[in-house]
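Here are some notes to read alongside the model. Take them one point at a time, and keep the viewer open as you go.

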Amino acid sequence: MISPSRSKTWQKLASHYLNLHHNGTTISKLCKKDAQRFENHQVKIDGVLLDYSKNFVTPQTFSLLRELAKEAKLTDAIRAMFRGDKLNLSEDRAVLHVALRTPLKDADPRYNAEVNACLERMSDFVTKVHEGLWSGYSGLPIKNIVNIGIGGSDLGPAMVYAALQRWKVPHIDTHFVSNLDPAHMHECIDGLDPASTLFIVTSKSFKTLETRQNAELARKWFLNCGGSQEHLDKHFIAVTSNIEKACEFGIAQENIFPMWDWVGGRYSLWSAVGLSIALGLGMETFKQLLHGARIVDEHFRDAPLEANIPVIMGLQAVWYSDFVGANSQVVLPYSQELALFPAFLQQLEMESLGKSVELDGSRLLVPSGPIVWGSAGTNGQHSFHQFLHQGTHYIPADFIGVVAPPYPDDADQHTQLLANCFSQSQALMDGKSQKEAFHELVSQGMDEAQAYQLAKHKVIAGNKPSNTLLLDSLCPQTLGSLVAIYEHKVFVESVIWNINAFDQWGVELGKQLGEKLYTALSSADKCAAFDPSTNGLINYCRTKND
């Protein structure tokens, strides 16, 4: 594919945006002109509805965006991913997280065989732990699971576990430790009994600094609190591709679950990386999560571009980033159970799309993805929504709502939650003019001169776009579908921008420098090896710790 910004359709989209802007087009006006706009701008799959009617787009916009997708050969790229082609060119790897949501009919059958074998091992292990057949060194059943990982080995499983607490296995508590700061591990293990605690060390390489250090700290705690070296195999298991390193740590080879190079870390919660999910929520819950993702996989692979949820959302993201001028995207789940979802999406989207070169290594000439942020509603309404409504930045929003109340006895309060969700998207779209604000103040009895001055401060520009994703209920299946929608949305964006969404070389530089700085911080000699600022920071810390 030629560089996206040099394509004919790209230039047409740039002109199209200018025409919309100069013609005074707004989302509100588009809605008023089309009584069927909701019906014409929504897609429903099993348990999930996307309403994209509150977007700054016309039929011509989407026609041009689909033309851009065809120029980028998006359909061919989707088929290539499902076949198992090596789309991760810089690492010469296939991209087959979709194979984890078995069965996968498109690719080599060996993927299904490997995945099914792993699922059977997971199921057997989970059954043993839940039924007390796997016990600690003193014979006590396992009561606490501690997942040690970072990035994709932590964010996905932690998000799913938090979101599906209503499916929690009653007699087991699951914890997640990721931060290199030892306070995170100490906070977790404080009060736990090593005789009934199981650690899952999750790291593809088994060399990741944060995970390795936290695993060492956990082992030290275990040995200092009653455990012994020969008991490690009852309390430590691993999910890794580096069997040798895991065995050196003290983990028995039969307690090591696989990670494959054809699954990227941020796409790995569906694999044995999700063992903490299965242990904490049950294997059937984990399988329903996989089923929800598979529903979206088949939709993404088979649905036409104009009725394809990830395609629609991905093309919108390109439109807003490169033509309308948005540089961030806010995600607003109106569900406390989804409070960790924005943080999960930050890695999925920003690690995938934070690239500055195209697939052939040439410089990317357009912005490659937005900053992703957000929090659970309604908390955000009392912190950053002011910025959305009256700030000067143009920020598209994704609202996520749940139709069925999670707790039926509190249905009225849940209705208030939904009302807030819908009112915020409406307010972003419609805003409030100075004239409206003035008449509102006068009707409340304010003097016209005062009302005129105050009305200026109450103007809300509006014309801010949003999607609303509605889950019929928040359950394992719909959560699996929700995650898969965003995974595939990111892939769509990467194809349009002609970038590799599956490597993360930028992460490596900090790791390399960190090793050098650790040596300098640990030295007794005054540091002069780096720039003046870094030298100064190192020497300051050393003098304070001497």
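Predicted model: local features only at pLDDT ≥ 70, side-chain atom pairs only at ≥ 80, totals over all residues.

1. Helix H4 (residues 59–71) packs against helix H14 (residues 309–324) at an angle of about 100 degrees, and their axes are 10 Å apart. Angles of 65 to 115 degrees count as roughly perpendicular, and H4 and H14 are therefore roughly perpendicular to each other. On the H4 side the contact is made by Thr 61, Phe 62, Leu 65, Arg 66, Leu 68 and Ala 69, and on the H14 side by Ile 312, Leu 315, Gln 316, Val 318 and Trp 319. Sorted by class, the contact of H4 with H14 has eight nonpolar, two polar and one charged residues.

2. Now step back to the whole protein chain. You will find 22 helices and 11 strands in it. Taken along the principal axes, its C-alpha atoms fill a box of roughly 80 × 60 × 55 Å. For 546 residues, a compact globule would have a radius of gyration near 24 Å, and the 26 Å of the protein chain agrees with that. Of the 546 residues, 53% count as buried. Among contacts with a separation of 6 or more, 75% are between residues 24 or more positions apart.

3. Is Ser 481 buried or exposed? Ser 481 has a relative accessible area of 0%, so it is buried. Leaving aside neighbours within four places in sequence, Ser 481 is in contact with Val 48, Gly 292, Ala 293, Ile 295 and Val 296.

4. Stay with H20 and look for helix H15 (residues 341–353). These two helices pack at an angle of about 20 degrees, with axes 10 Å apart. That makes H15 roughly parallel to H20, and the crossing is right-handed. The H15 residues Phe 341, Phe 344, Leu 345, Leu 348, Glu 349, Ser 352 and Leu 353 meet Leu 482, Val 483, Tyr 486, Glu 487, Lys 489, Val 490, Glu 493, Ser 494 and Trp 497 of H20. The residues of this contact divide into 10 nonpolar, two polar and four charged.

5. Helix H5 is another partner of H20. How do H5 and H20 pack, and how far apart are their axes? The angle is about 125 degrees and the axes are 10 Å apart. That makes H5 oblique to H20. The contact is made by Leu 74, Ala 77, Ile 78 and Met 81 of H5 with His 488, Phe 491, Val 492 and Val 495 of H20. By class, the contact of H5 with H20 has seven nonpolar, one polar and no charged residues. H5 passes H20 in a right-handed crossing.

6. Next, compare distance in sequence with distance in space. Gly 151 sits in the loop between strand E3 (144–148) and helix H7 (155–163), and is partly exposed, with a relative accessible area of 21%. Gly 151 and Phe 344 are 193 residues apart in sequence and 8.8 Å apart in space, C-alpha to C-alpha. For another pair, take Lys 29 in helix H2 (residues 27–33), which counts as partly exposed at 46% relative accessibility. Lys 29 and Lys 207 are 178 residues apart in sequence and 56 Å apart in space, C-alpha to C-alpha.

7. Finally, a few backbone details in loops. The peptide bond from Gly 377 to Thr 378 is cis, with omega near 10 degrees, and Thr 378 lies between strand E9 (371–374) and helix H16 (385–390). Asp 92 is not a glycine, yet has a positive phi of about 55 degrees; look for Asp 92 in the loop between H5 (74–83) and helix H6 (109–130). Phe 206 is not a glycine either and has a positive phi of about 55 degrees. Phe 206 lies in the loop between strand E5 (197–202) and helix H9 (209–224), and is buried, with a relative accessible area of 3%.

How values were computed: Residues numbered from 1 in each chain as written. Heavy atoms only, no water. Buried < 20%, exposed > 50% of the residue type's maximum accessible area, 1.4 Å probe, protein only. Contact = heavy atoms within 4.5 Å. Axes fitted to C-alpha atoms, helices over the stretch in contact; angles between N-to-C directions. Helix = DSSP H or I, 4+ residues; strand = E, 2+ residues; numbered from the N terminus. Parallel < 35°, antiparallel > 145°, perpendicular 65-115°, else oblique. Left-handed = near helix turned anticlockwise from the far one by under 90°. Nonpolar A, V, L, I, M, F, W, Y, C, P; charged D, E, K, R; others polar. Rg over C-alpha atoms; globule rule 2.2 N^0.38 Å.
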